[in-house]
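Work through the exercises below with the model open. Try each task before reading its solution.

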Amino acid sequence: MLRRMTMTASAMMLAIGAANADPIEGNWRTQSGETAAISDCGGGFCITLKTGKYKGKGIGKMSAEGGGTYSGSITDPAKDKTYSGSGTLSGGSLKMKGCVLGGLICRSQTWTKL
């Protein structure tokens, strides 16, 4: 009986955690085909590559701005340079953008939720 109650409580906690998860959290297919994981970390969202040449490398941190928009920093793992970053969530797509020189020069790519 106690075991059944513990299992039920655990299942409820998992369901509550999933319900409270931000839509940006999860695994994303990058434009180059790697998988990036976005997870809650310290009041924001950390981005870590899960596959590819740079597997395990943290490539960004974002904070929610509201309305499906995020801002923070993004790192190009090949150049190991960090840029001002932003993300815009639209359904199962996440448009990521990195900029330099106060937003004068930007590159963007679209990721797909897995």
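**Exercise 1. A salt bridge between loops**

Task: Which side chain does Asp80 meet in a salt bridge, and at what N to O distance?

Solution: 
- Step 1. Asp80 and Lys57 meet through their side chains, with 3.0 Å from N to O. This is a predicted model, and side-chain atom pairs count only at pLDDT 80 or more.
- Step 2. Apply the cut-off: a side-chain nitrogen of Lys or Arg must lie within 4 Å of a carboxyl oxygen of Asp or Glu. The Asp80 and Lys57 pair is a salt bridge at 3.0 Å.
- Step 3. Asp80 sits in the loop between β5 (69-76) and β6 (81-90), and Lys57 sits in the loop between β3 (44-49) and β4 (58-66). The pair links distant parts of the chain, 23 residues apart.
- Step 4. Check accessibility. Asp80 has a relative accessible area of 53%, so Asp80 is exposed. Lys57 is at 26%, so Lys57 counts as partly exposed.

**Exercise 2. The other pair**

Task: How many salt bridges does the structure hold? Which strands hold Asp76 and Arg107?

Solution: 
- Step 1. The structure holds two salt bridges. One of them brings together the side chains of Asp76 and Arg107, at 3.9 Å from N to O.
- Step 2. Asp76 belongs to strand β5 and Arg107 to strand β8, so this pair ties together parts 31 residues apart in sequence.
- Step 3. Assign the burial classes. Asp76 has a relative accessible area of 14%, so Asp76 is buried. Arg107 reaches 55%, so Arg107 is exposed.
- Step 4. Recall the background: side chains of opposite charge can pair when their charged atoms come close.

**Exercise 3. From elements to barrel**

Task: In what order do the strands close into a barrel, and is the pairing parallel or antiparallel?

Solution: 
- Step 1. List the elements. The protein chain has one helix and eight strands. From the N terminus, they run α-β-β-β-β-β-β-β-β.
- Step 2. Follow the pairing. The eight strands close into a barrel in the order β1-β2-β3-β4-β5-β6-β7-β8, with antiparallel pairing. From one strand to the next, the twist averages 30°.
- Step 3. Find the closing pair. Strand β1 (residues 26-29) and β8 run antiparallel and are joined by two bridges. Arg29 has Thr112 of β8 as its bridge partner.
- Step 4. Turn to the neighbouring pair in the order. Strand β7 (residues 93-100) pairs with β8 over eight bridges, again in the antiparallel sense. Lys95 has Thr110 of β8 as its bridge partner. Val100 stands opposite Ile105 in β8.
- Step 5. Take a count over the chain: 25% of the 114 residues are buried.

**Exercise 4. Disulfides**

Task: How many disulfides are counted when two cysteine sulfur atoms must lie within 2.5 Å? What is the handedness of the one between Cys41 and Cys46?

Solution: 
- Step 1. The count is two disulfides. Cys41 joins Cys46, S to S 1.8 Å. Cys99 joins Cys106, S to S 2.1 Å.
- Step 2. Number the bonded cysteines along the chain: the pattern is 1-2, 3-4.
- Step 3. Read the torsions. The S-S torsion of Cys41 and Cys46 is about 80°, so that disulfide is right-handed. For Cys99 and Cys106 the torsion is about 110°, so that disulfide is right-handed.
- Step 4. Cys41 is buried at 18% relative accessibility, and Cys46 is partly exposed at 22%. Cys99 is buried at 14%, whereas Cys106 is partly exposed at 34%.

Methods. Residues are numbered from 1 along each chain as its sequence is written. This is a predicted model: local features need pLDDT of at least 70, side-chain atom pairs count only at pLDDT 80 or more; totals for chains, interfaces and linings use all residues. Side-chain values use heavy atoms; hydrogens and water are left out. Two strands pair if DSSP finds at least two bridges between them. Helices (H or I, at least four residues) and strands (E, at least two) are DSSP runs, numbered from the N terminus. Axes are lines fitted to C-alpha atoms, for helices over the stretch in contact, and angles run from 0 to 180 degrees between N-to-C directions. A disulfide is a pair of cysteine sulfur atoms within 2.5 Å. Buried means under 20% relative accessible area, exposed over 50%, partly exposed in between (1.4 Å probe, protein chains only).
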